[in-house]
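Hello,

Please find the structure below. My notes on it follow.

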Amino acid sequence: MKPENHSASENTYHLREEPQPGHTEPLEVDFYDIDPNVLSCFLRSLAVYLQNPTYRLIYDFGTNTNIKLPLNSGDSPLIPIDDERAISYMGMGCYLLGYLHSEARTRDKALFSKIAIRTCEVQGANILATFDYGKRYYLVLETETRPNGETNEMMFEGVIVNPQKYLVQDRSNFQSTSANSA
């Protein structure tokens, strides 16, 4: 695994464990850019989940509960968003955003900090951790409130997951609104 270039001063958590049941390879994941409030046990549970996902977690807004949908062997817990991104809800307001290419993750990572919106329908997520696993590149995102918004090319159930498109759309809405008020 080759994590993105990052300085030694960044918060890094190295997970190294014996093979999980049914696996021959040890579980090895390097998490970096970690929010200091993230517990290592949460990061460990993410890695174990990705090694052998058996369910997809969804949040039911009507009953305010998490529901586990069983996965068939080989199914991905991530729901595709576009050609580059896929997402999985991990519970407690956390989402796992997976990328096919590290460049797209790097670009999004820089843009997420520019989105400060926090409503019940639209949520700009905070980045809790970054890691590579298997053939994907991940961001662990946290929302401050449970969004109950739409899903479109920029958002997944109200969580902004494509900050580049969201910021371009937001800027064009602002410009058209400004032009109309002039």
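**Notes on the structure**

K114 is found in the loop between α2 and β8. Helices (H or I, at least four residues) and strands (E, at least two) are DSSP runs, numbered from the N terminus. K114 is exposed, with a relative accessible area of 58%. For that term, buried means under 20% relative accessible area, exposed over 50%, and partly exposed in between (1.4 Å probe, protein chains only). K114 and P163 are 49 residues apart in sequence, and their C-alpha atoms are 8.6 Å apart in space.

A word on the source. This is a predicted model, in which local features need pLDDT of at least 70 and side-chain atom pairs count only at pLDDT 80 or more, while totals for chains, interfaces and linings use all residues. Residues are numbered from 1 along each chain as its sequence is written, and side-chain values use heavy atoms, with hydrogens and water left out.

**The chain as a whole**

The protein chain has three helices and 11 strands. Read from the N terminus, the order of its elements is β-β-α-β-β-β-β-β-α-β-β-β-β-α. Of the 182 residues in the protein chain, 40% are buried.

**Salt bridges**

Side chains of opposite charge can pair when their charged atoms come close. A salt bridge here is a side-chain nitrogen of Lys or Arg within 4 Å of a carboxyl oxygen of Asp or Glu. By this rule there are nine salt bridges.

One of them joins R16 and E28, with the closest N and O atoms 3.7 Å apart. This pair links distant parts of the chain, since R16 lies in strand β1 (residues 12–17) and E28 in strand β2 (residues 27–32), 12 residues apart. How accessible are R16 and E28? R16 is partly exposed at 45% relative accessible area, and E28 is partly exposed at 38%. R16 and E28 also belong to a network of salt bridges that includes D30.

Another salt bridge is formed by E17 and R44, at 2.6 Å from N to O. It too links distant parts of the chain: E17 is in strand β1 and R44 in helix α1 (residues 40–51), 27 residues apart. R44 is partly exposed, with a relative accessibility of 32%.

E144 and R118 also meet in a salt bridge, at 3.2 Å from N to O. E144 is in the loop between β9 (136–142) and β10 (155–156), R118 is in the loop between α2 (102–112) and β8 (126–133), and the two are 26 residues apart. E144 is exposed at 53% relative accessible area, whereas R118 is partly exposed at 26%.

**Aromatic rings**

Rings of Phe, Tyr and Trp (its six-membered ring) pair if their centres lie within 6.5 Å; planes under 30 degrees apart count as stacked, over 60 as edge-to-face and the rest as tilted. The count by this rule is seven aromatic pairs.

Y59 and F61 form an edge-to-face pair, 4.7 Å from centre to centre and with 90° between the planes. Y59 is buried at 13% relative accessibility, and F61 is partly exposed at 29%.

F131 and Y138 form a stacked pair, 4.8 Å from centre to centre and with 15° between the planes. Is F131 buried or exposed? F131 is buried, with a relative accessible area of 0%, and Y138 is buried at 5%. F131 and Y138 form one aromatic cluster together with Y13 and F31.

There is also a charge over a ring, meaning that NZ of Lys or CZ of Arg is within 6 Å of the ring centre and within 35 degrees of the ring normal. The charged end of K68 sits over the ring of Y55, 4.5 Å from its centre.

**Pocket and cavity**

On a 1 Å grid over the protein atoms alone, a cavity is a set of points where a 1.4 Å probe fits but cannot get out, and a pocket is an open set with protein on both sides within 12 Å along at least five of seven lines; lining residues have an atom within 4 Å of a point. Grid points are joined across faces, edges and corners, and a volume is the space filled by probe spheres set on the points.

The largest pocket has a volume of about 160 Å³. Its lining includes L50, P53, D75, Y133, K135 and Y138.

A search of the whole structure finds one cavity of 30 Å³ or more. The largest cavity has a volume of about 40 Å³, and Y59 and F61 are among its lining residues.

Regards
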